[in-house]
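My entries follow, in the order I looked things up.

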Protein chains: 4
Amino acid sequence: MRILLAITLFAACTAAASDAPRARDLGIPFDGTPGELNAITDVAGVTVGHVTLIEDLEDNKAVRTGVTAILPRGPASKSVNVMAGWFSLNGNGEMTGTAWVEESGFLEGPVMMTNTHSIGAVHEGTIRWRVAQSGPDHTGYFWSLPLVAETWDGDLNDINGFHVRPEHAMQALDKAQGGPVAEGAVGGGTGMICYEFKCGIGTSSRVTTIGDAEYTIGVLVQANFGKRDLLRVAGVPVGQRLADDSSAERAAGATPEHNSIIIVIATDAPLLPNQVKRLARRAALGLGRNGSIASNGSGDLFIAFSTANEAAGRGEIDATISALPNDEMTPLFRATVEATEEAIINALVAGRDMRGHLGTTVPGIDHRRLQQILRDYNRLQKGD
Amino acid sequence: MRILLAITLFAACTAAASDAPRARDLGIPFDGTPGELNAITDVAGVTVGHVTLIEDLEDNKAVRTGVTAILPRGPASKSVNVMAGWFSLNGNGEMTGTAWVEESGFLEGPVMMTNTHSIGAVHEGTIRWRVAQSGPDHTGYFWSLPLVAETWDGDLNDINGFHVRPEHAMQALDKAQGGPVAEGAVGGGTGMICYEFKCGIGTSSRVTTIGDAEYTIGVLVQANFGKRDLLRVAGVPVGQRLADDSSAERAAGATPEHNSIIIVIATDAPLLPNQVKRLARRAALGLGRNGSIASNGSGDLFIAFSTANEAAGRGEIDATISALPNDEMTPLFRATVEATEEAIINALVAGRDMRGHLGTTVPGIDHRRLQQILRDYNRLQKGD
Amino acid sequence: MRILLAITLFAACTAAASDAPRARDLGIPFDGTPGELNAITDVAGVTVGHVTLIEDLEDNKAVRTGVTAILPRGPASKSVNVMAGWFSLNGNGEMTGTAWVEESGFLEGPVMMTNTHSIGAVHEGTIRWRVAQSGPDHTGYFWSLPLVAETWDGDLNDINGFHVRPEHAMQALDKAQGGPVAEGAVGGGTGMICYEFKCGIGTSSRVTTIGDAEYTIGVLVQANFGKRDLLRVAGVPVGQRLADDSSAERAAGATPEHNSIIIVIATDAPLLPNQVKRLARRAALGLGRNGSIASNGSGDLFIAFSTANEAAGRGEIDATISALPNDEMTPLFRATVEATEEAIINALVAGRDMRGHLGTTVPGIDHRRLQQILRDYNRLQKGD
Amino acid sequence: MRILLAITLFAACTAAASDAPRARDLGIPFDGTPGELNAITDVAGVTVGHVTLIEDLEDNKAVRTGVTAILPRGPASKSVNVMAGWFSLNGNGEMTGTAWVEESGFLEGPVMMTNTHSIGAVHEGTIRWRVAQSGPDHTGYFWSLPLVAETWDGDLNDINGFHVRPEHAMQALDKAQGGPVAEGAVGGGTGMICYEFKCGIGTSSRVTTIGDAEYTIGVLVQANFGKRDLLRVAGVPVGQRLADDSSAERAAGATPEHNSIIIVIATDAPLLPNQVKRLARRAALGLGRNGSIASNGSGDLFIAFSTANEAAGRGEIDATISALPNDEMTPLFRATVEATEEAIINALVAGRDMRGHLGTTVPGIDHRRLQQILRDYNRLQKGD
């Protein structure tokens with residue numbers, strides 16, 4: 001029997017998002033020019049839906065988990081594919097559907113993120129949603145190799161309780177929308193931890209010009225990795241300073257070795273599958289800027305897609321495809337590195353103190369302390 | 001509401017297996033020397049469990065599906081890993097857990113096989129089984145990146161009914177045993193079709209000598225691929241003959257383009273992860289002997305493991321590992337190709353006429369007709 | 001000092017080619033419809049050049065080697081790239097340039113084939129040829145990551161004499177032409193051995209229709225692999241019959257374990273880089289039909305390219321690209337498997353007895369004996 | 001005709017190395033504990049040889065190039081292999097021999113580095129050296145798939161003059177030795193450029209403890225990449241400061257887009273091939289710390305090897321292998337990231353102004369200016 005102490009089921013909660021300061025609101029400097037929302041949804045058509053499960057159960061058990069859905073083309077994603085590529089920097093994690101991404105060059109359907117033990121529920125829910133939405137494709141078939149990724153939230157969440165069910169995945173898909181994206185302890189990021197601070201979902205974007213055209217790169221991370229002392233923010237060794245600092249709270253009961261990061265990269269630049277994969281690999285460089293060493297327990301899996309080439313995404317036999325020459329891709333690489341760097345710090349900055357499963361508590365990073373350290377290294381951009 | 005016309009839940013049904021003729025019982029010639037059972041279970045420690053779901057529902061719907069579990073080390077598989085490698089010949093399929101196989105070189109836990117839309121249920125069931133069986137590992141963690149593979153049985157099975165549930169996966173794991181392995185329409189193979197004939201699970205093995213030691217290669221396939229005219233048996237163009245033959249029944253309503261094959265290769269030879277992956281790639285050559293072209297819709301995914309090096313599988317820091325030099329591996333490659341070739345034909349020969357979902361009927365291959373064609377090409381080994 | 005007993009430097013010697021029977025001239029049956037020449041040059045624009053070095057030196061040393069150049073777009077290959085992909089079935093070999101093929105999706109320049117110890121000379125010669133031909137590209141750069149592949153001819157050739165020089169690569173490039181392609185002991189195939197018979201270069205093609213369009217697949221192999229007993233021809237276990245047959249000559253002094261096969265697949269079908277790579281993987285299935293087990297010592301490396309999408313090959317920023325949907329690719333897979341199967345048998349059939357380095361002699365396969373065996377299995381298509 | 005203005009042929013020039021300040025001599029802070037020499041040669045057995053070609057020719061042409069050889073086991077490398085793995089972060093470069101590294105899990109012989117157009121000469125020279133050194137291996141064969149990597153020095157060097165010859169590779173191999181390693185404009189690094197400053201060879205090492213054992217990670221880079229403004233040193237945005245700084249000299253005539261980095265990682269920790277590959281991937285994170293975006297033109301190729309398991313390296317059939325469990329690898333990942341970060345900055349700091357081909361001049365980074373910028377960000381460790 002469950003004693004329901006509190007239950008909360010959120011959709012993407014944009015109001016909350018707009019109140020909370022993001023990394024650059026604190027004066028943390030980043031390179032490059034973000035899009036209007038500084039979010040993956042700056043890439044036209046991309047929608048994001050979060051389902052957040054927060055509940056306290058008897059016996060000190062706690063639910064702190066959820067599902068995040070990213071639809072590359074919004075509702076059209078169920079029938080119009082996107083060219084895609086993936087990369088495993090450290091494969092201690094799950095990302096289903098990648099064999100077909102690699103083979104076909106397409107991502108068919110959404111990117112789903114949840115906790116490690118809920119891959120199954122979300123996989124089933126994603127197929128159920130596809131079947132419920134519409135009929136089979138022109139070959140008489142339903143796509144059914146969904147992409148579902150995970151990070152491990154078993155420190156804060158009763159992961160062996162299997163609280164995410166297929167309907168939560170369906171809800172996340174139904175509620176996906178454009179606009180500002182909630183960060184921190186929402187959706188798949190609800191119970192996640194970075195550098196021994198509360199973390200979760202973070203996002204960022206960059207706008208870049210190639211020839212006459214302007215392109216957007218959007219990144220969204222479900223971040224859950226790293227020992228404290230590795231943390232670098234804007235190149236400043238924040239983690240080392242905080243590791244030496246007895247005033248800095250630490251996660252109590254958490255096991256940083258089992259953490260991971262999923263990075264999703266969207267772009268409207270016209271790129272072929274092998275080119276989108278090149279973007280996926282660059283996420284490693286953004287991660288490196290923040291001090292990651294991709295520890296053994298960290299499943300660092302990245303997926304990138306391009307929303308261009310809609311006719312090819314529909315499987316039209318005479319589709320005309322456009323793609324940038326490889327020689328023109330460098331600005332997109334830079335944008336990917338920069339947006340990844342910032343999305344991770346956004347996830348960290350959005351973290352708030354959380355008490356979870358079996359009483360484990362994880363502090364959010366102290367914004368004033370973080371600003372002070374950056375100021376010590378002459379890297380804070382504005383007074384606060 | 002369901003009208004229960006018939007329900008059958010099988011475990012590995014060895015009695016049935018011993019009655020049915022296998023490919024070499026029909027006089028079909030194969031190269032190499034099989035093990036005692038000519039099955040994957042000839043590799044010591046490997047156990048196999050089938051859960052078979054056969055049920056007729058109202059509205060002409062039908063359940064023809066199931067789950068097959070392969071435990072590399074039998075019950076010890078939940079805590080002792082095996083060195084492993086995988087290969088995607090055509091990635092139009094799902095095999096979860098492969099990012100960690102590739103990264104770590106180990107398969108942690110069983111190989112599970114089911115239908116495409118039941119990946120989620122079996123994934124959850126496999127983690128539930130692990131959690132129920134015993135506590136976390138020495139790092140405080142449960143392995144939770146199970147390997148679950150699929151082929152598409154939507155021609156004979158109500159695949160959108162999601163009839164496989166997590167408990168079916170748990171049952172398949174619990175019932176896994178050594179000894180003879182049931183073939184054909186059992187477990188994950190229940191609703192599968194090859195070359196437009198009823199097909200499913202097939203297995204075979206080879207014994208080979210390297211230096212002073214004898215090693216066994218065992219192969220098990222969940223076979224579900226191929227257009228009729230491509231079929232070659234022992235090199236004989238059986239498919240072309242049957243394609244021209246009005247007396248040969250054809251699958252009614254089936255869509256051969258969405259089929260696939262999962263190939264599992266086990267060995268007791270001591271091999272490092274990269275060497276086991278070499279075995280996985282060789283399965284393509286065995287498949288090629290039977291005429292496959294790895295059509296676009298075919299998810300041809302192969303996983304290989306070695307049951308040697310148990311101490312390393314336990315994660316002991318001072319484990320002593322043994323491995324054959326690469327120079328000595330050729331006999332294992334030959335054995336893999338040969339056992340793959342035979343396991344597929346065993347799956348085909350084990351097929352029996354089946355009526356399934358929405359009345360689709362698929363014939364088993366006619367053994368006498370098959371023998372006659374081989375006789376026409378001077379390739380039948382004994383009179384029958 | 002060299003005693004020059006005989007020296008021969010051939011270009012593509014089409015007259016010779018037209019006199020010698022090819023596999024289907026002997027009545028060996030193959031599937032599918034070949035192009036006009038049944039050669040890789042059936043793909044419009046592809047040219048092939050052979051430089052053959054045959055010389056007897058003092059001390060019983062012998063030169064039996066050469067270079068083969070394949071230009072995907074003929075002379076335009078130096079500035080117009082082709083979309084390409086590669087696959088390593090067994091990486092015991094060299095194919096330079098593949099990191100960039102994989103990254104960029106393009107092959108820049110020709111495919112070069114030679115012996116193992118002449119990779120360096122041909123690599124340098126290919127860059128020298130590019131520099132001599134014309135100026136840098138629009139970025140001020142010369143492409144300089146040529147693709148050079150090899151198989152080991154050290155049984156028949158004085159491989160440690162480094163007889164291939166950069167100028168031989170340049171000659172092969174200069175002499176490349178369309179039309180019939182010489183097979184057997186020519187170019188890079190001069191000293192090669194298959195199934196313990198003299199072998200070398202072989203080629204074949206297939207024509208297939210997709211939608212309203214006709215596409216050609218062309219395959220060229222430099223074949224140098226396999227133990228005698230593995231040989232299957234049109235599914236017939238020829239090798240086993242010849243292995244038991246004291247009348248069949250065997251290679252004296254040859255070491256079948258160090259052999260390899262390079263497979264080159266060309267098509268005019270419009271395909272993206274990841275799709276061309278799919279073709280490369282299918283070559284394994286054609287190889288499998290002929291009995292290969294990809295033994296440890298065999299470097300089995302395959303490269304595929306598409307001559308479509310010329311504007312993209314020129315690096316134009318607004319190039320319009322066309323590509324078949326993945327769903328339409330199956331006929332190309334079938335064509336690749338079939339043409340690979342036949343190209344290998346063509347290389348074998350073109351083999352003639354050769355005496356080489358240190359007196360090693362390798363017999364060509366006896367055509368009448370081969371026909372008789374096929375006849376025994378009711379697989380010879382016409383009387384001879 | 002050549003007018004010989006100056007010719008210099010260096011071997012590893014250790015005296016010079018000890019005079020020049022390295023990055024940490026300038027007070028640049030790095031994480032972790034270096035080995036005694038802070039060089040790849042801290043890994044016992046590893047030897048390094050440089051051949052440096054510096055010559056001024058007529059018509060303002062200039063030779064600024066060379067060869068660097070790394071022997072994993074010193075002279076024994078010709079017959080005793082090392083377990084190895086490689087990774088391509090951006091495949092716009094050549095590293096021959098990788099198909100066999102990936103397949104076999106072993107690197108057979110040395111790691112060779114040179115310029116892009118000298119891959120052929122060094123490839124041939126490396127095989128010639130092997131043939132000259134000793135007889136074939138126990139299978140009657142010479143290894144002959146050498147690993148040769150490159151970066152492009154065509155800004156400072158007359159790259160189309162093909163000045164590196166096979167004998168230079170042989171000399172580099174012969175002269176390889178342990179002890180301090182010369183950095184900067186030596187060997188393969190002679191004409192290389194980073195962040196628009198003179199660069200070349202750099203090295204570093206880390207010592208780490210796992211269980212009771214101490215292990216060493218050594219890194220050596222041939223660094224030749226990056227636009228000025230991307231440069232980060234110890235997290236400080238040095239490049240941005242110097243990009244804004246009219247006093248900072250810039251490379252005149254150089255084309256930063258065609259640059260690259262080769263990273264070689266050595267360890268004495270016992271690791272299986274797939275584990276060594278994990279190290280190779282981590283080099284990307286060290287590169288990321290210094291601001292790299294892996295631009296399109298940058299061939300970023302990494303090779304890692306372990307000198308443990310000598311018996312397996314000899315191909316002994318009953319070799320006993322040891323390997324750390326994956327769970328214990330994280331300290332090695334950290335060490336790899338840290339040593340890579342420092343090796344690159346060492347290459348940069350070792351750079352001195354150079355005038356080269358067609359008058360192109362490239363400045364070395366100004367040490368005092370670099371120190372001042374770090375001081376501005378409170379990141380300089382000691383006064384200077």
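**Entry 1: disulfides**

I started with the link of Cys194(C) and Cys199(C), which is left-handed, with -70° about the S-S bond. The disulfide between Cys194(C) and Cys199(C) has an S to S distance of 2.2 Å; I count a disulfide when two cysteine sulfur atoms lie within 2.5 Å. Cys194(C) and Cys199(C) are both buried. Buried is under 20% relative accessible area, exposed is over 50%, and partly exposed is in between, with a 1.4 Å probe and protein chains only.

Before going on I noted the ground rules. This is a predicted model, where local features need pLDDT of at least 70 and side-chain atom pairs count only at pLDDT 80 or more, while totals for chains, interfaces and linings use all residues. Residues are numbered from 1 along each chain as its sequence is written, chains are lettered from A and ligands numbered from 1 in the order in which they are written, and side-chain values use heavy atoms, with hydrogens and water left out.

How many disulfides does a search of the whole structure find? It finds four over all chains. In chain A, one joins Cys194(A) to Cys199(A), S to S 2.2 Å. That link is left-handed, at -70° about the S-S bond. Cys194(A) and Cys199(A) are buried. In chain D, Cys194(D) is joined to Cys199(D), S to S 2.2 Å. I read -70° about the S-S bond for Cys194(D) and Cys199(D), a left-handed link.

**Entry 2: chain C against chain B**

I found 38 residues of chain C in contact with 38 residues of chain B; contact means heavy atoms within 4.5 Å. The two chains bury about 3,300 Å² between them, 45% of it on carbon and sulfur atoms. Buried area is the accessible area (1.4 Å probe) that two parts lose on being put together, summed over both. In chain C, Arg232(C), Ile293(C) and Asn296(C) lose the most area to chain B, together 20% of what that side buries.

I counted six salt bridges between chain C and chain B. A salt bridge is a side-chain nitrogen of Lys or Arg within 4 Å of a carboxyl oxygen of Asp or Glu. One I looked up pairs Glu341(C) with Arg232(B), at 3.2 Å, N to O.

Which element of chain C gives the largest share of the side that touches chain B? Helix 6 of chain C does, with eight residues. Helices (H or I, at least four residues) and strands (E, at least two) are DSSP runs, numbered from the N terminus.

**Entry 3: chain B against chain A**

Here 36 residues of chain B are in contact with 36 residues of chain A. Chain B and chain A bury about 3,100 Å², 59% of it on carbon and sulfur atoms. In chain B, Glu124(B), Tyr141(B) and Phe162(B) lose the most area to chain A, together 17% of what that side buries.

I counted two salt bridges between chain B and chain A. Glu124(B) meets Arg165(A) in a salt bridge, 3.2 Å, N to O. Helix 3 of chain B gives the largest share of the side that touches chain A, eight residues.

**Entry 4: Asn81(C)**

Asn81(C) sits in the loop between strand 3 (62-71) and strand 4 (82-91) of chain C. Is Asn81(C) buried or exposed? Asn81(C) is buried, because its relative accessible area is 13%. Leaving out residues up to four places away in sequence, Asn81(C) touches Arg73(C), Phe106(C), Leu107(C), Glu108(C), Gly109(C) and Gly313(C).
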